[in-house]
Amino acid sequence: MSHGQEEQGFTVVGLSKVVRNDNPAAIGALWEAFQSYDVRTKLCVDASEDVYCVYHDYEGGFMDPYRMTIGYRVSSADAPEDLHSAEVPSQTVVTYEVNGPLPQSLISQWQAIWNGQLNRSYLADYDVYDATDPEAVSIKVGVRP
């Protein structure tokens with residue numbers, strides 16, 4: 001875990017759905033849809049290689065509904081008709097590096113975050129899946145300064 005650091009806002013365009021952490025089947029279904037739909041080819045040429053999973057539009061705490069958007073970081077918020085644009089605001093984040101078999105290693109780290117003492121902002125959190133290493137993910141959790 002890193003100490004909180006300020007990060008600039010950005011946009012991710014991809015597939016999106018409102019989910020809950022106590023309904024892992026809905027989360028898995030969104031991942032399955034993303035993996036079968038070639039999102040990157042529908043985006044501008046500057047789309048990131050890394051996959052981003054953004055958790056935003058929280059309706060409360062981590063067990064309440066929120067929107068999950070899986071896609072690519074882009075320079076323009078313009079999204080094709082069948083995709084969603086998620087705005088990640090400038091904010092202070094704490095970073096966790098995850099290495100190991102997915103999704104188990106990622107789920108374990110998120111469970112530790114949920115049970116931890118972070119003063120979360122619930123503006124937007126996100127995971128960055130390294131395009132060059134299928135077992136490396138950076139988790140960025142928004143916190144209050």
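## Strand S3 and its partners

In this predicted model, Tyr55 has Met68 in strand S4 as its bridge partner. The pairing of S3 with S4 is antiparallel and takes in six bridges. S3 also pairs with S7, again through six bridges, and these two strands run antiparallel. Opposite Tyr52 stands Val128, a residue of S7.

How many of the residues of S3 are buried? Six of its six residues are, and the strand is mostly covered. Val51, Cys53 and Tyr55 point one way from S3 and are buried. Tyr52, Val54 and His56 point the other way, and they are buried as well.

## Helix H1

Helix H1 covers residues 24-36.

Which residues of H1 are buried? They are Ala26, Ile27, Leu30, Trp31 and Phe34. These residues lie on the same side of H1, because the arc they cover around the axis is only 140°. The exposed residues Pro24, Ala25, Glu32, Gln35 and Ser36 are on the other side of H1.

Asn23 sits in the loop between S2 and H1. Is Asn23 buried, partly exposed or exposed? Its relative accessibility is 36%, so Asn23 counts as partly exposed. From Asn23 to Gly71 the separation is 48 residues in sequence and 21 Å in space, taken C-alpha to C-alpha.

## Ser105 in helix H2

Helix H2 comprises residues 104-114, and Ser105 is part of this helix. The relative accessibility of Ser105 is 17%. Buried means under 20%, and Ser105 therefore counts as buried.

What does Ser105 touch, once residues up to four places away in sequence are set aside? Its contacts are with Val98, Asn99 and Gly100.

## The chain as a whole

The chain has two helices and eight strands. Read from the N terminus, the order of elements is β-β-α-β-β-β-β-α-β-β. The radius of gyration of the chain is 14 Å, close to the 15 Å that the globule rule gives for 145 residues, so the chain is as compact as a globular protein of that length. The C-alpha trace spans about 40 × 30 × 30 Å along its principal axes.

Of the 145 residues in the chain, 44% are buried. Among contacts with a separation of 6 or more, 71% are between residues 24 or more positions apart. The accessible surface of the chain is about 7600 Å², and carbon and sulfur atoms account for 49% of this area.

Terms used
Residues numbered from 1 in each chain as written. Predicted model: local features only at pLDDT ≥ 70, side-chain atom pairs only at ≥ 80, totals over all residues. Heavy atoms only, no water. Helix = DSSP H or I, 4+ residues; strand = E, 2+ residues; numbered from the N terminus. Expected span 1.5 Å × (residues − 1). Buried < 20%, exposed > 50% of the residue type's maximum accessible area, 1.4 Å probe, protein only. Arc of directions from axis to C-beta. Pairing = 2+ DSSP bridges. Contact = heavy atoms within 4.5 Å. Rg over C-alpha atoms; globule rule 2.2 N^0.38 Å. Areas by Shrake-Rupley, 256 points an atom, 1.4 Å probe, with all protein chains shown as cover.
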